[in-house]
Amino acid sequence: MSAKVEVELVVRQFESFNAGDFAAVADAYAEDVTLVLNGLFAGRTETVTGKPEVLDWFEDVVFKEFVDSRFDVEESRGRGARVLIFATHRARGRHSGVPVEQRFAYIFTVREGRIERLEVWADRGAAVEALRGD
C-alpha cells in the first residue's frame, strides 16, 4: 500500500463514524489493534489491546459520555504505513448537554489494509515529535 492509500483508509473511518456507520469503523481495525492514549487522562499513558477491548473503550468513553459526536479532520499526512491526523472532536455531554470541543492528534499505523495501532495525543506537538522520531 502507498501512504496515500493508508491516509484514505484512516480518513474514511472518521467519515464512517460521522455518518453513523460504526460497522465500517470497526471493520477498519485489525483484530490485534492497539490503542494508546498519550496524556489524555491525568497526564498518564493508557494502552488498550484487542479489537473487542478497543471498541468497548470507545463505547464507554465516546458513546456513554457524549451525544452528537463527530470528528472534523483538519489535516492528514502519510509517512509509509503511518498516518498523522489532526482532528477536532465535537459533541455534547450526554447528561449535561454542554457542548464539548477537543482537539487531538492521532497517529495510525496501517498493516494489510487494517488499522493495527492508534495513538491519540492531547498534545499535537508531541505527536509530531513522536512521528518524527520513528
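What percentage of the 134 residues of the protein count as buried? In this predicted model, the buried share is 43% of the 134 residues.

The secondary structure comprises 4 helices and 6 strands. Read from the N terminus, the order of the elements is α-α-β-β-α-β-β-β-β-α. The radius of gyration is 14 Å, close to the 14 Å given by the globule rule for 134 residues, so the protein is as compact as a globular protein of that length. The C-alpha trace spans about 45 × 30 × 25 Å along its principal axes. Among contacts with a separation of 6 or more, 49% are between residues 24 or more positions apart.

The accessible surface amounts to about 7000 Å², and carbon and sulfur atoms account for 50% of that area.

Aromatic contacts were examined next. Over the whole structure, 11 aromatic pairs are found. In one of them, the ring centres of Phe71 and Tyr106 are 6.5 Å apart and the ring planes stand at 75°, above the 60 degrees required, so the pair is edge-to-face. Phe71 belongs to strand E3 (residues 66–79) and Tyr106 to strand E5 (residues 99–111); the pair therefore ties together parts that are 35 residues apart in sequence. Phe71 and Tyr106 are both buried, each having under 20% relative accessible area.

Key: Residues are numbered from 1 along each chain as its sequence is written. This is a predicted model: local features need pLDDT of at least 70, side-chain atom pairs count only at pLDDT 80 or more; totals for chains, interfaces and linings use all residues. Side-chain values use heavy atoms; hydrogens and water are left out. Helices (H or I, at least four residues) and strands (E, at least two) are DSSP runs, numbered from the N terminus. The radius of gyration is taken over C-alpha atoms; the globule rule is 2.2 Å times the number of residues to the power 0.38. Buried means under 20% relative accessible area, exposed over 50%, partly exposed in between (1.4 Å probe, protein chains only). Contact means heavy atoms within 4.5 Å. Accessible areas come from the Shrake-Rupley method with a 1.4 Å probe; for residues, only the protein chains shown count as cover. Rings of Phe, Tyr and Trp (its six-membered ring) pair if their centres lie within 6.5 Å; planes under 30 degrees apart count as stacked, over 60 as edge-to-face and the rest as tilted.
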